[in-house]
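Please keep the structure in view while reading.

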Amino acid sequence: MTATAEERTRDESPPRRRDHPSSPPQPLAAFLVPPGRDPLTEAFSGREFAPPWRGSTPVAPERAEAVYAEILATPRKEPAIVYLHVPYCQNHCLFCGFFQNVWRPDVADAFVDDLLAEVAEKAETPLVASAPIVAVYLGGGTPTALPAKPLARLVAGLKAMLPLAENCEVTLEGRAFDFGRDKALAAFDAGVTRVSLGVQTFDTGVRKRLGRKLGGPEVAAFLAELVALDRASIVCDLMYGLPGQTHEAWAHDLDTVASLGLDGATLYALNVWRGGRLAAAIDSGRLPPAATLREQARAYATGFARLTERGFAPLAQSHLARSVRERNVYNSGIKRGLPCIPLGPGAGGQAHGHRWRNVIEIDRRRAMRAEGRPFIEGISKNPPRYPAQAAVTGGMEAGALDLSAIETLAPGFRAAAAPLVENWVAAGLGTIVGDTFATTRAGAFWLTNLTGGFFAALDAAAILAASTAAPTEDVLP
Ligand code: SF4
């Protein structure tokens with residue numbers, strides 16, 4: 001529903017998110033903050049994109065099916081998460097780069113049949129069957145577009161066929177439009193433990209201009225109804241930086257979230273997709289401009305301050321929780337690089353050092369399945385530094401990076417990162433306590449830049465290690 005660039009390989013797995021696996025490493029100096037800059041609004045001139053799989057390489061197409069078969073046949077030792085993608089929405093919201101198909105009620109049963117057949121096939125594989133699954137995320141698109149019965153059948157099927165841990169988090173993502181109490185109860189009865197609602201804003205004028213169907217008060221009333229049912233963790237997404245969203249409207253959004261008794265909330269920056277419909281509407285003057293990066297920074301800081309004053313506590317750099325029921329297991333698992341089993345058209349996942357994406361076109365996927373072929377788009381091999389990059393991503397997302405733990409994974413990292421850490425602490429982006437680098441709120445806003453800087457330090461450490469390594473003896477004639 002709401003996706004910033006790198007979050008949720010959901011981010012969690014929205015289709016065709018931009019990933020630049022072959023982006024060349026950047027020099028450390030690119031991540032130094034010049035003196036005298038305001039840390040929150042001026043530390044960097046733009047945001048980096050630093051996914052943990054940066055540096056991955058594609059598997060040759062002729063080997064892809066064999067590699068994929070080997071991945072499925074190899075058991076896991078560690079827990080995994082599952083991402084299931086529903087590529088349908090009732091309409092295309094103006095700001096969204098993840099829309100795929102218009103929802104039609106007549107597709108529901110066949111679509112769920114396909115998904116359950118896929119789940120049944122994958123559940124038998126050693127990759128899936130060998131160890132517990134700690135979180136399942138039904139994302140999209142709009143999973144709540146599914147009618148109550150097919151939705152409940154899908155969730156019950158996942159629960160029956162997958163090796164879910166006893167306290168497995170099962171998230172249903174969606175929107176208030178065409179959701180409703182009965183569908184929510186059906187989902188909870190089937191096993192949903194968490195609802196993540198894409199609200200974006202409660203300002204009715206802004207909502208309508210962006211293509212959202214319901215007014216703000218209707219969405220707030222539905223959230224209150226979900227909370228009152230007391231059956232699951234209820235969280236919502238808010239966006240800041242929307243065209244026409246005033247400071248007062250943002251403050252009202254935050255106060256509304258705080259007053260509803262929600263278990264958690266995620267604060268996202270608007271991403272204006274180049275060449276997208278929102279960019280065109282702004283360029284033509286049909287909509288006012290979106291917020292600048294500076295304005296986004298201030299809105300982010302205001303959001304955290306306002307919600308923490310009202311009893312929320314940060315669980316991640318853009319997510320806050322108000323109750324212990326909210327655990328954010330899926331999203332933190334993605335950031336830490338847990339194996340992720342992708343299900344459904346367009347879902348992406350990774351395991352055993354590789355990542356892949358399911359074919360998104362529903363008919364093509366169906367035809368491939370009928371021919372007994374794996375319906376994947378291709379496979380990439382994670383870079384050698386993936387464990388260290390995932391550990392950096394997970395630590396930074398949690399707000400504190402244990403530098404000695406990264407040093408263990410990548411010798412030489414601490415020395416390479418030292419100039420950055422010193423610079424960032426002086427610039428007000430972080431603090432050092434013992435061996436841990438913790439972000440300030442300003443540093444959290446520039447999270448991807450700091451993560452990218454640590455990746456550059458990993459690159460520098462690897463280059464140094466390679467240049468000082470003793471030459472290996474060539475045993476071949
Ligand atoms: S409901 Fe709107 S915001 Fe959510 S995925 Fe669909 S088009 Fe995007």
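How do the axes of helix H16 and H18 cross, and within what distance do they come? In this predicted model, the axis of H16, which covers residues 413-426, comes within 7 Å of that of H18, and the two cross at roughly 150°. H16 is therefore roughly antiparallel to H18, since an angle over 145 degrees counts as such. The crossing of H16 past H18 is right-handed. On the H16 side the meeting residues are Phe-413, Ala-416, Ala-417, Leu-420 and Trp-424, while H18 contributes Leu-450, Gly-453, Phe-454, Ala-457, Leu-458, Ala-460 and Ala-461. By class, this contact of H16 with H18 comprises 11 nonpolar residues, one polar residue and no charged ones.

H18 has a further partner in helix H14. The axes of H14 (residues 386-398) and H18 (residues 447-468) come within 10 Å, with a crossing angle of roughly 150°. It follows that H14 and H18 are roughly antiparallel to each other. H14, too, passes H18 in a right-handed crossing. Ala-388, Gln-389, Val-392, Thr-393 and Met-396 of H14 make this contact, together with Leu-447, Leu-450, Thr-451, Phe-454, Phe-455 and Leu-458 of H18. Eight of the residues in the contact of H14 with H18 are nonpolar, three are polar and none is charged.

The C-alpha trace spans about 65 × 55 × 45 Å along its principal axes. A compact globule of 477 residues would have a radius of gyration near 23 Å, and the chain agrees with this because its value is 22 Å. Of the 477 residues, 51% count as buried.

Phe-202 counts as buried because 24 C-beta neighbours lie inside 10 Å. Beyond its neighbours within four places in sequence, Phe-202 is in contact with Gly-216, Val-219, Ala-220, His-252, Asp-253 and Thr-256. Its C-alpha atom is separated by 6.9 Å from that of Pro-217, a residue 15 places away along the chain.

Lys-159, in helix H5 (residues 148-161), has 15 C-beta neighbours inside 10 Å and therefore counts as partly exposed. When residues up to four places away in sequence are not counted, Lys-159 touches Leu-164 and Gly-191. The C-alpha atoms of Lys-159 and Ala-190 are 8.3 Å apart, although 31 residues separate the two along the chain.

The backbone also deserves attention. Most residues other than glycine have a negative phi, and most peptide bonds are trans. The peptide bond from Gly-140 to Gly-141, however, is cis, with omega near 20°; Gly-141 is found in the loop between strand E5 (133-140) and H5. Asp-178 has a positive phi, near 55°, and is found in the loop between strand E6 (164-174) and helix H6 (181-190). His-352 likewise has a positive phi, near 50°, and lies in the loop between strand E13 (348-351) and strand E14 (354-358). Asp-178 is partly exposed, with 17 other C-beta atoms within 10 Å, and His-352 is partly exposed with 17 such atoms within 10 Å.

Key
Residues are numbered from 1 along each chain as its sequence is written. This is a predicted model: local features need pLDDT of at least 70, side-chain atom pairs count only at pLDDT 80 or more; totals for chains, interfaces and linings use all residues. The radius of gyration is taken over C-alpha atoms; the globule rule is 2.2 Å times the number of residues to the power 0.38. A residue is buried if 20 or more other C-beta atoms lie within 10 Å of its own, exposed if 12 or fewer, and partly exposed in between; C-beta atoms are placed from the backbone. Axes are lines fitted to C-alpha atoms, for helices over the stretch in contact, and angles run from 0 to 180 degrees between N-to-C directions. Helices (H or I, at least four residues) and strands (E, at least two) are DSSP runs, numbered from the N terminus. Angles under 35 degrees count as roughly parallel, over 145 as roughly antiparallel, 65 to 115 as roughly perpendicular and the rest as oblique. A crossing is left-handed if the near helix is turned anticlockwise from the far one by less than a right angle, and right-handed if clockwise. Two residues are in contact if their C-beta atoms, placed from the backbone, lie within 7 Å. Ala, Val, Leu, Ile, Met, Phe, Trp, Tyr, Cys and Pro count as nonpolar, Asp, Glu, Lys and Arg as charged, and the others, Gly among them, as polar.
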